[in-house]
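Dear colleague,

I am passing the structure on to you below, followed by notes on what was found in it. Please read the notes alongside the model.

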Amino acid sequence: MSGRITGISGPTVSVHLPGLRLYERVTVGNARLMGEVVRLEQQRAIVQVYESTRGLGIGEPVEGTGTQLTVRLGPGLLGQTFDGLQRPLEWLLRADGPFMQTGRESPVCPASGTLRFQPLKKRGEEVRAGEMLGYVEEGTFRHPVVTVEKGGTVSEILEGEFDPAAPLARIDDVTEISSFHDWPVRLPRPYGRKQTIFSPLVTGQRCIDFLFPLARGGTAIFPGGFGTGKTVLEQSIAKFAEVDVVVYVGCGERGNEMAEMLEEFSTLADPYSDRPLMDRTIVIANTSNMPVAAREASIFTAVAMAEYYRDLGCNVLLLADSLSRWAEALREISSALEEMPGEEGYPTYLASRMAEFFARAGVVETLDGKVGSLTLMLSVSPPGGDFTEPVTQACLRTTGSFFMLDTALAHRRHFPAIDWFQSFSLYEDSVVSSFDADISPDWSELRRETRTLLQHEERLREVAEIVGTEGLQDSDRLVMSAAGEIRQRFLAQNAYTEDAFSPPRQTYDAIREILVRHRDATRRLEEGHLPDESLKIPT
Amino acid sequence: MRLSEHSFSTLVSVQGPLIFVERVIEARMGEVVAIVFPDGSETEGEVLKIQDDTVLIQTFGDSRGLDMDHSRVVFTDVIKQAPLSIDILGRAFDGSFRPIDDIPMFVPDEWAPVSGRPLNPVARARPQELIETGFSTIDGLNTLVKGQKLPIFSVAGLPSKEIAAGILENARTPAQVSRSGQAFVVVFVALGLTHHEYAFYRDTLDRLRTHFVAFINLAKDPVVERLLAPRFGLTVAEYLAFEHGLDTLVVITDMTNYCDALREVSTAREELPGRRGYPGYMYSDLASIYERAGRIKGQAGSVTLLPVVTMPEDDITHPIPDLTGYITEGQIVLGRELHQRGIFPPVDVLPSLSRLMQRGIGEGRTRGDHREIANALYTHYAKGRDVRRLEAIVGREGMSDTDKTMLDFADAFEKEIVHQGRERRDINETLDRSRALLVRFGLVQQ
Ligand SMILES: Nc1ncnc2c1ncn2[C@@H]1O[C@H](COP(=O)(O)OP(=O)(O)OP(=O)(O)O)[C@@H](O)[C@H]1O
Ligand SMILES: [Mg+2]
């Protein structure tokens, strides 16, 4: 099927090619750019182009592929870095050099290393549709290889090391079975059912684990103006979160940041298994200067891969930086399509699109009876640091936890700059009780005490503004002193030092030490013998 | 390639920098066109949008004098490219790449598209080597490294011009010899300069000891040219960096004029305005400029970017500084109050930050004690500034001795470290002075 380009506007082209279907993948122009049909009209179809349209000409050919835009799922994804369309960036680098070219199709198979196949069926055996033929081992993962569409007789089956681009088995001589399969980018993967039991997702960040704990299968956003520490926080969590697989999406952000992250990750070990950190990580890098339509797709490419690992029974964490850049990509495309704009020019379907995306998080019983989870942590970059803007507001309607990053804290170099009054986690009740059970029964008690101290400090601070700290009572000065310690020695956590990772046990010890000392000092004050230096208030 | 000349006189509307032409067969996105005026003179333009046979063109020159009947648009079948050669060193051009130094145009060795191509993120090398600017507040406290993009946030009335000039004059990298026998060059892009400013920068360029390339768009020059000039500058910078292995520092002033040009075109296109009338795609557009800074693994050379941004209404949340801050790797913020007290450069180090500094300093990069000194200066100055606020309320008499010391430290820091006038300080001198100051106040060990 071939037609031609009749119009070009930003990242969209209109084409004349009867017979195209909605969301069909097309190749556009002589350069064979990748595109997707996003609207059908009587005389034309509108195609969103995933690569730069510069240089594209009217009348150039357009071809339908008959398939949708898909993600290739199977062994070999871990440890790799892809662009928003799942093209391996190392492979593109070898093919095209350091600067990115247009019109490159993905390689047949994303896997690059050697893989081993362990068959469960023999030649000549009968298999049903959807039945498992064997599995591919990749580190600690076992990727099942199944007959996808229909059953038959196994006419050929491999064993041991194999070439990822070649088939692993043949059914009835004709149907080739590979180690991977394709999945439509925007389609959520099916599961048995969703569970509502939440267990903690340990991040290694004291402020989060202790005050605003996250649950596996939950969602979290952290909005903050520029420089408030979103990226550093996301990358720290990517390093230290207690999960099986991390999918990290650099969505419309900086190239240097990605380079730094990749370099650092390649030297670190997974704190839970001592294997290289990259062995559990998939990175998607669609930086701000890469095509905007691919930026929009990058989030979906990522979530499809994340769901694939969830379906293997893994606890998966998807981190995206930043969701705002995704929303802006959506806005740019929507405006090129001349759709009716909603608030601040975002399309009116922004909120529903986001809600659908958030809904992909959860703990699920997979189709084959395993349990897997997908947790989403998304940074948001509100213009001017103003949280009333549409993206933050749409997130707030659906998110389970909210870590508000505060510019004033960041300016004082208090990192992570999580505002301990405005932030919340809807998972705290169920998750805290499991910390009580696993770490120490007084975990929740210490939380309450910490909260009270911080609130008390806030009130005292207002008083101190008027009367000066000298004018406070001794007991109040003790509160100020303890709260100051909590802020500086407990909530603040420098990502560039040893302190970057704090497992729950250590978090517990740290807060307990501060609080015990405070209780002690309070008691001694009541008994009337308290040395003066205990009353010093840290600045 | 098209065979016949592709010329159309079917203009249907002209509106500021935008021209609609009808009944065009074959046109490309971004294609360069020549717009021929009735009197035979020409200006350049670019295809912005195509629908069937109607083409929207943006002119880079002045559209005054165009008419509907006798004007023509000639399509060239190529997208905008920049001529490149090592002979470009030492030359000055206008915003349309025409020489303004009375020397004939050089003979290009090659051409490259001005919009550039994105650098593959896995090809990037992490920025970590110092570029010395000669200013203590930058080198000591907000260190700039090769491949970084670090803007200067200024406000109207502050000497951002003198700072830009100081950097052009004084910036260096630890010496390195490359293929062309040169290690370090500056590319200077000026947008919307007044005549007075132009004279000032010409003097500066005349004094430069490093090699430079300049693109100068004056206030009287076409506004739309301001969208082009930074891209010429960066295309040249990438060429010098990655074809000739030079460390290239690109100074662009003032990005506020760039953004205003972007807004002007967007308004003319009747696009839905975003915050303060700037277009919704301004983030992506600015990123297509700022993200061109970088280094490449296994290759010599680097592109480092230092854009100057004047914050309208002194407001850091204004879309221009805001979106800039969201893309760049930190910011150098100038303070009005420091300027009023005669401090030059009036860099307020508290809101300033170089996000890539940590990797660029310390043993083997600058000096083993750099981090310690920078942290100590920052912490004590921050305290001093807090105390200064208190002083305004309670007066100096009512303060403790430690607080008084902090006050004095903040004053001394501003006078002795921040303030340096036209003097150039190398990194050692910056660190020595800083250490001496800290020692004097008993804030670090001897
Ligand atoms: N946990 C931390 N420990 C120490 N420093 C930090 C921490 N978090 C942030 N910083 C400092 O703040 C700077 C900015 O952080 P980061 O890059 O994460 O900001 P951001 O919110 O992602 O900004 P943007 O929206 O512009 O991308 C860092 O370069 C670092 O200097
Ligand atoms: Mg960031």
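How many Å separate the centres of domain 1 of chain B and domain 3 of chain B, taken over C-alpha atoms? The separation is 59 Å, where the assignment for chain B gives domain 1 (6-78), domain 2 (82-360) and domain 3 (364-440), with bounds that come from an automatic or database domain assignment. Chain A is divided into domain 1 (2-68), domain 2 (115-184), domain 3 (189-425) and domain 4 (443-534), and the centres of its domain 1 and domain 2, again over C-alpha atoms, lie 35 Å apart.

Please keep in mind that this is a predicted model, in which local features need pLDDT of at least 70 and side-chain atom pairs count only at pLDDT 80 or more, while totals for chains, interfaces and linings use all residues. Residues are numbered from 1 along each chain as its sequence is written, chains are lettered from A and ligands numbered from 1 in the order in which they are written, and side-chain values use heavy atoms, with hydrogens and water left out.

Turning to the interface, 60 residues of chain B and 64 residues of chain A take part in the contact (heavy atoms within 4.5 Å). The two chains bury about 5200 Å² between them, 52% of it on carbon and sulfur atoms; buried area here is the accessible area (1.4 Å probe) that two parts lose on being put together, summed over both. On the chain B side, B:M29, B:R275 and B:Y326 supply 14% of the area buried against chain A, more than any other three residues.

Seven salt bridges are counted between the chains (a side-chain nitrogen of Lys or Arg within 4 Å of a carboxyl oxygen of Asp or Glu). One of them links A:R54 with B:E46, whose closest N and O atoms are 3.4 Å apart.

The chains also meet through strands (DSSP runs of E, at least two residues, numbered from the N terminus), which pair if DSSP finds at least two bridges between them. Strand β1 (residues 2-9) of chain A runs antiparallel to β5(B) and is joined to it by three bridges, and A:S9 stands opposite B:K49 in β5(B).

Within chain A, an open sheet of four strands has the order β10-β13-β15-β16, with antiparallel pairing. β10 (126-127) and β16 (175-177) stand at the edges, each with a single partner strand, so one side of each has no neighbour in the sheet. Three bridges join β15 (residues 169-171) to β16(A), and A:A169 has A:I177 as its bridge partner there.
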